[in-house]
Structures are given as structure tokens and as C-alpha cells.
Amino acid sequence: MTTLQLKNIVKRYKSQTVLDDLTLDVADGERLVLFGPSGAGKTVLLRLVAGVIEPDEGRVLIGGEDMTDVDAEHRGVGMAFQNFALFPHMSAFDNIASPLTATRSSKEKIAAGVQKVAKLLKIDHVLTHHPKALSNGQKQRTALARALVGSPPLLLLDDPLRNVDAKLRFEMRLELPRLLAAQGATVVYVTQDYKEAMALGDRIAVMAAGRIRQVGTPQEIYNAPADIEIARLFGDPTINLLDVVPQRSGEGVFVELSNVRVRLADYDADVAGKECVLGLRPEAISFADAVAPGAIPVTVEAETPLNEKTVTLALTARGREILVSRPAGTPGPVAGPAHIAVNGTQAFLFDKTSGALLPRADLAAKRSGEAA
Amino acid sequence: METMSPLERVLRGLALTLVVVFFMFPIFWIFLMSFQTNETILAIPPSIVFSPTLSNYAALITGKLQTAAGTLDIAFMRNLGNSIFLSVASVAVALVLGVPAAYAFARHKFKGSEDIAFTLLSFRFAPPLLVLLPLTQYFQWLGLSNTYFGLIWVYQLICLPLILWIVRGYFEDISADVEYAYRIAGHSWFATFRKIALPLAGPGIAAAGLLAFIFAWNNFVFALVLASADKQPVTVGALAFVTSSGIQYGQIAAAIVLSVTPTLALALYAQRYLVEGLSLGAVKG
């Protein structure tokens, strides 16, 4: 176990700045997920930590030691690549053994180490195969085994589930946390899949355009995304985003959706009159009786069952598309006119020009009040 | 393949036959000539029916050339030995120098790297005759003319650019991630070069080496000017068959057969590596 500190990292390729003054701390034994769209600089950052790319500015500290100018082979990290990067001319055994042969361990020790990790990853029956003869899933497990076999204190995983099919990805998403916990290593995990990020991360760092936009636990990021972009990236189905101008009444702040008032209890009066974007997670909306207070008329357009939930696409009176999610198996309208109710306490308000999340009033106090 | 109509198949076979005949016939004819005497070769009309003789080969191997004017000494076997030594040594030196250089050019973009690589390639553009005169003068000053060392040095003009540019392409085709993975596993850059880059570019290196060997073997003008009789390769040595009493076609044919054999054998042997080398890019990860 070890800590990783990145201080003011800058990396440029020609005139393009790929990493822009990036600072990040990963605690001992923590699993940090680097999440962001492609081109955000996640992979470059990971390679920089591994030591195969040098930063133009800034320092990389591993276990408190300045490793910025240390060669990759002396950093003692393990890494799995998105494209597996297996050695095509070596058997799976030799591939996995490569971190052990570097330490000049004895033959028996190497064989034992490889066997152990191969058994853990269920590839001990294909160790004699060359990468060409391995299935995609086996390749991916071989690459993981190679990263794990030396028990490195710092493990870098670059989207290892990207190039495997959906079923395998699901399996590995369940298996990986246990594996990584057993390793006890500090892990930096890169992914573009928010579910993977939520499932694997102790903390998530959201990256975009070479900067870290938000760092927090999966719950923090889901419940308080720092801006519209992050809100859009986290969540499936995607969050509903509606242009609104909040208003003020005696009871507090409200927005009008299809001429129906929805109260936003969490927000202070000072947001009133501002151009805003209202973020509504599909699960914050439910179908309601026409007579219920606050019911908004909609037209149901289509319904998509997604295993554990059912997602409905509905049109408001003004023609705006709204996604509504409900647990699978619960009743709901299939077509035609219906009504929805909005849970105002689960709504987000973003500044329309900057995209930033507007601060909620005394949210912490309210939360602890609810809990009590 | 399955969609080919019978007509297409016939035309295809015809075209292939034409190509094979076009390229193979001269070799076949030379091969026949090498077993004939000058008289039968020059007979009109030519005939492929003749009583074969080994006298041409015998003359080459013993080094005694029987002509109408008497017996001439020829150094063909020595020339053949020179050819083999010069080509092998030149390619070996070019590989030792060129492969690491190619790796450096492929993996490290340093200031002026493209310029240096291009300058090395430009040695191939210059007509040999252009550099030959100054080269001869230099070599005389340096005491390098008529030495194997000097010849091998000059042959680098032929071999080094070829190997550098071909092998560089193969190194560039190797995914950088594969090398990174080996470095991160704890191996030095040199171990990575030896254990990852070299084996993966192996077919390409073999192909480049073979081509360089053929070019070195076929070189004529450098050896003609820079070496005297005892250091000359077969390409220059063949001139000896143009004697005062006529051109010895039979011996020339036998000499050609003998001098083509090593490169032909090498090419046939290396063929599978060449094909493998061409498909290297397709086996990533």
C-alpha cells in the first residue's frame, strides 16, 4: 500500500495542453476511479504515473517519494492496458511472469506466483497459449494477472473492461472489487463507464479537457454533480434537463412546468429570476393520478424495459421530452395521456451560463434533520 | 475464389504462366548454356538438344581457362569467396549499426532525427559514379583502397540506409504499449529492446538483411574501382571471361549459375519470413 500524489501536472503535445495544472491525491489503499469522456486525458495521466510519459511540469510522488524523474522499471507499479498490450511472441505464462523475471526470482517462485494469480483469475488452463489463441476475455484476464502478479503497492488499471463484451464486463465488475481488495494495493482505475466508476471507486475523480472537475465518493457525485456535464455523464437513463426560471412565492422557490408549480424546497430565494437549468433524474419523476396535487399532464410515447427498471419517454404539453424511470413490475401507463409528479427535493438547479450546480440552502443541516 | 468463372480461371492461369515464363526463361536458358561449349551456344539456329558437358564448371573450379590462344588463369572461385565474405560482412556490420539506429529513429523523436535519417537515406539517391572519384582519392590517402575493410565500409552506403529504413518501419509497427508494459514490469530499456522489440521485428530484420545482402552481392562499380584482382567479387571477376580470343559464353553461364545460387537459395529459404514480416502489422496485442 502506498499513496500517490500528483502536483500541478502539465502535459502538452505540440501546442495542445492535454493535462492542465492537475493536482490529485490518492490515499493509502484507496481505490480511485478516474472517470471522464475520451480525450479527457485519463490515459495520459495514468501513463505519467507509470513513468512511460514525462510531465512537462509538476511532480509525481509515490509513497511520498518524488518519482518524477525515475524510470518506469524502478517505480514498482503494476499496470493493465486498455488494449491488453500482451507480448504476442510469449505464452500467457511468460506474459504473466514478466514482472517476476525482472526481479530475478527463482524458477519455482515464478511458477508458483504465476499459478496462484492465474487460478485467482481462472486462466490457469490456458497458460501455455499464446495471446493469439486466447479469447478476448482470457486476454483481458492475462493482462490483469500480469499487473497483479508482482503484488505492486500501486496498481494502475486503464479501462481494462473496455474491450470485452457486455456479459464479461458485468462478471468482472462483480469480481474486480474482491480481487483488488485482496491485493490491498492502492488502485487508480480509468473508465468511461459511470456504472463501473460507481461500482469500483472509493472515490471518483471526474476529468474533462485535462482538468479534474470534481472529486468525491460515488454518492456525492451522483447526488451533487458539480455541473451539468457531470450530471449528464452520471446516470442511466440520462438526467432530464429543462430550461427554467425559478420564481418566488410565500412558500419558497418554485418552477413552473407546464403551468404546474413544482416547489424546490432545497433552494434559497436568491435563485429566483435567474436563467437556470433544472436537472431531474428519471427516478425523481413518477406517474400520478390526474387529480393529485402537482400532477403534470404528459403524453406517453414509448416504454423501454431495462431489466430492473422500466423507462418511459413522455412528452409534456409544450413538447419537451421527459424520461421517467420506475422499478420494473410496477404498473404504469403504456401509451396516451398520463400525469406525472415531480419530487422537488431531488431536483438540481444549474446556472444556465456557467453550467455550475447552484448551492442548495443548508443542505447538510437539512439532511441531518431528516436522519434524526 | 469461389466466384471465379471458368473463363476467368483460364485467363488467370494463362497470365500466371506468361509471367513465370517471362521471368524464369532467362535463368533456364543460362542454366542450359552452362552445360554447352561455346560452339553449340553460338550455333544457328540454337537448339535445346545437345550433349551436355561439365567443362565450363571444371574450368571455373580449377581456375584454368582453355581458349584458342592458350590457357588463362582465372580467379573465379576466389571471386566467389570474396563475394560471400564481402556481402556477409557488410550485412552483418549494417545490421549491428542499423538495427539499433532504426529503433532509436522509430521510438525517439529528437531534434534533427528526421534530418539525420533522411541524410542516411540520401546515400541511396546519389549515383555511385558521382562519389567514386573522391572516394578513390580518400581511400588512397587513408590506405583503405584494395582492403576488405575499405570495401565493407563503402558497402555500408548500400546496406545501411536500406536496413535502417525498412527496419524502422517494422519497429514503428510494434505497439508502444507492448514495450511500455515490459518496462513497467520492471525491465530496463535495453532488455525491452532485446526481448520485445527485436523478436517482434525479427521477420522485418530478416527481410531487410536479405535485401541488403542481394544489393551488396550485385554491386559492381565500387568493387571495380576500389579493389584489385584478389579482392574482387564475382560481379567484377566475370569481366575476365571477355578474353582476347573471344567471349567465353559457356563459362560466363556457368559462373552466373554459381553466383546466382547463393542469393537464390537464401531468397527461397527466407521467403516465409518475408511473408510473415509483411503481415506483422496484423498481429497486434
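Q: How many salt bridges are counted between domain 1 of chain B and domain 2 of chain B?
A: This is a predicted model in which local features need pLDDT of at least 70, side-chain atom pairs count only at pLDDT 80 or more, and totals for chains, interfaces and linings use all residues. A salt bridge is a side-chain nitrogen of Lys or Arg within 4 Å of a carboxyl oxygen of Asp or Glu. Between domain 1 of chain B and domain 2 of chain B, the count of such bridges is zero.

Q: Which element gives the largest share of the side of domain 1 of chain B that touches domain 2 of chain B?
A: Helices (H or I, at least four residues) and strands (E, at least two) are DSSP runs, numbered from the N terminus; residues are numbered from 1 along each chain as its sequence is written, chains are lettered from A, and side-chain values use heavy atoms, without hydrogens and water. Elements giving two or more residues to this side are α1 (6–33), α2 (38–42), α3 (55–62) and β1 (64–67) of chain B. The largest share, five residues, comes from α3(B).

Q: Where does the domain assignment of chain B place domain 2?
A: The bounds come from an automatic or database domain assignment. In chain B, domain 1 is given as 6–73, and domain 2 as 77–282.

Q: What distance separates the centres of domain 1 of chain B and domain 2 of chain B?
A: The contact (heavy atoms within 4.5 Å) takes 19 residues from domain 1 of chain B and 15 residues from domain 2 of chain B. Taken over C-alpha atoms, the centres of the two domains are separated by 30 Å.
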